[in-house]
Each structure stands twice: as structure tokens, then as C-alpha cells.
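Please look through the structure shown here before reading on.

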Amino acid sequence: MTLMAIIAGVVGLILSGGFVHDIFAQLGEVLIHSQTGHLQITRAGYLERGARSPEKFLIHDAEKIRARVAGTAGVEDVMGRLYFAGLINNGHSDQPIVGEGIEPVHEAKLGSGLVITAGRTLEKQDLNGMLLGQDLARALKLKPGDWTNLVINTPEGALNSLEFQVVGTFQTFSKDYDARALRIPLAAAQDLLATPGINTLVVALQHTRDTERVAALLKADFRGASLDVKTWVELNDFYAKTVEMYDAQFGVLRLIILLMVLLSVANSVNMSIFERVGEFGTMMALGNRKRRIFALIMAENTLIAAAGAGAGVVLGMLLALIISAIGIPMPPPPNADLSYVAHIRLVPSVIAGAFLVGFIATIAAAILPAARVQRIPVVDALRENV
């Protein structure tokens, strides 16, 4: 019973912790590959003050910066984006939008988290092509092949308008983004804004785990250049808050499992020890000191703790692999339309933590019963043999 309680607790921690970390990893990857990239380089102050006036924070020497960034170890690709706000007109009504001028060839490599729901993605030859957010296209009743007008203010304050053909609609993790975002080729956006500059250089890395290292290198390289280097975590406040919430929930779950293991093991150990009080009395009558009895009880439960926690780790890892091979269909998260398949990730820190919880809980549960046996008089202990 003691072993079963330990194994169940350790397995529960491994599976729940692996599930939570899979949520973190999948959410991070979809944000990276549908919107922000791993890193973004902007003019200083753009993220704080440039949302309403992105044309005031343009990078005009982008190619020099791009070359420096591309030469950094771990960088896979660098692409420019030009953001703008304006109105889109379908011939019947206007809708406010947030637009992005992108480089289609580069964005096709990064945008694995962008789901094309109708038509196709932008291509190099689409000089006047437009990609619409799914909900924006639905609100304007636009479909691939339709023509529409964009009206925006240039940095000089003049109104400019260009006609674009919808080539496709897309869906991302964020429903709000899909309801107001559109993408056009970078060259068309520069013509529309009458500027050769860009707002952001988006950096795609070979591995997400290199984000902090590459960010530190680029910050040191661009120190004093009035440029900000932001990681995808800094750019996605929603992600940071989600991680904080799930970490708190997992902490509570870990505490609950610890208490369950502690109480279950304490009950089993307590029964086991007090059924053998007569044996301990005989040992003490033969000259064994009480601390020797205490040490024996603790050694026994240490072995049980190690066996139970070890077996729990093996069983938990095996179940995680089986469940991950099958997959767990998940509904769309709040404020999203995309469902996904969850897995159980084998995270070394979670596995080590689960082992320690099972091991320490078992040893802690044995301390009080072992101490109580020590205090039983030898005569009373011997009476248990009768």
C-alpha cells in the first residue's frame, strides 16, 4: 500500500507537470511562428509609443542591421516588417485595420503557425496581393479573388490609397488579431506609406532555446545604437501571464499530491510499525538501544521511498510516452479558434521534483511513528507479543 501511494503520487506529478509544460511550449511556438518571431529589433521606444504612430519609428538603414544580425550564431533568418494603421473599404463599408508589410518568401519559412483558411499565402509575385485575417474577411464579406482598397495617412500627413486583391485568409492563435489584421507585400506597404524604411526586423532562430543567448549578443552588439532588442516572451504579455497562472496552479497541485502521499504513507507506515511493537520490544530487551530501533525503521522506509519513487518515475515516463504517442485532443483556448493536440513532455526538472516529493514525503511520514516506538517502555512493548 505504501509503494502504491508513492507510485501514484509520483506518476501524477510527472503527467500533470509534463502536460503543463507542453501547453507552455506549444503556446510559445504558435506565437513565435504566427506573429512575433523569436526576436524583434526596433527603434528605441517603438513598443511603448509606436503603436498609434508606427511611421515615426522607422529604421532606414535596415540592410546594414540585417547583415549584422544574420551573421550571429544561431540566427536562421531575418526579415523586415512595416506596420501601419488605416481603413479597408470593400465598396460598401469601411473597417479600421492594423496592417503589416511583409517579405513573403521569408515569412513563409517563419509562419508555420499561420493557418491559411481560404486561398493561399502571399508569394513573391503578388505585388498587389493581400492576406486577410479570417474574422476581418468575414466581417467585410471578402473572399480570395475580391478587390479592396486601403486608405492610410503617410508620415507627411497626406492620404494615400491603393487597390489590392485578396489572395487568401489566415487564422492565428489570437481571435482579436484575426479580426483586425491584414498583410501585404513590404514593397507595396512602402509605396503606400511613401517611405523606404521599416519598423521591425524580425529574427527567426534555429532553436527557441537559444533566444536569451542570441538576444544578449545582439543587445551587446547594438549598445548605443538607439535600437531595442526584444524576445518573444517580452513581446507577448499574454504568454507571460498564462505561464504565471499555470505555474501557480501546478504549485497548488504539487502541494495537494504531497499531502495525499504524506497522509497515505503515514497511515500505512503507522500500521506497519505498530503491528511490530512486540518485535521491537524483544530487540530492546536483548540490548538494542532505542536509537537503533529508530534508525532501523527510518532505513526501512528510506528503501521503500527510493523503490516507490523510482518505480513511479519509470511508470510515469512510460505513460507519458504512450499518451504522447496517442495525443490529447484539446479545445481552443480562450480568445482563440484553433484546437490542438496536447502531449506529455518529459521535463527533467519535473521528473526530479516528482521523485523528491515521493522520496521526502515517505521519509517524513515515518519520523513520527518511529519516534513514538522509541518512547514505548520495554515492558509494554513485550506485552504485545502475548
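What follows is a dialogue on the protein as a whole and then on one residue.

Q: What does the secondary structure of the protein come to?
A: The model is a predicted one. In it, the protein has 14 helices and twelve strands.

Q: What radius of gyration does the protein have, and what would a compact globule of 386 residues have?
A: For a compact globule of 386 residues, the radius would be near 21 Å, whereas the protein has 31 Å. Along the principal axes, its C-alpha atoms fill a box of roughly 100 × 45 × 30 Å.

Q: Where does Asn 90 lie?
A: Asn 90 is in the loop that runs between strand 2 (75-89) and strand 3 (94-102).

Q: Is Asn 90 buried or exposed?
A: Buried means under 20% relative accessible area. Asn 90 has a value of 17%, and therefore counts as buried.

Q: Which backbone atoms lie 3.0 Å or 2.8 Å from a polar atom of the side chain of Asn 90?
A: The backbone nitrogen of His 92 is at 3.0 Å, and the backbone oxygen of Leu 140 is at 2.8 Å.

Q: Which residues is Asn 90 in contact with, leaving aside its neighbours within four places in sequence?
A: With those neighbours set aside, Asn 90 contacts Leu 140, Leu 142 and Thr 148.

Note on methods. Residues are numbered from 1 along each chain as its sequence is written. This is a predicted model: local features need pLDDT of at least 70, side-chain atom pairs count only at pLDDT 80 or more; totals for chains, interfaces and linings use all residues. Side-chain values use heavy atoms; hydrogens and water are left out. Helices (H or I, at least four residues) and strands (E, at least two) are DSSP runs, numbered from the N terminus. Buried means under 20% relative accessible area, exposed over 50%, partly exposed in between (1.4 Å probe, protein chains only). A polar contact is a pair of N or O atoms within 3.5 Å; within protein, one must be able to donate a hydrogen and the other to accept it, and residues adjacent in sequence count only if both atoms are side-chain atoms. Contact means heavy atoms within 4.5 Å. The radius of gyration is taken over C-alpha atoms; the globule rule is 2.2 Å times the number of residues to the power 0.38.
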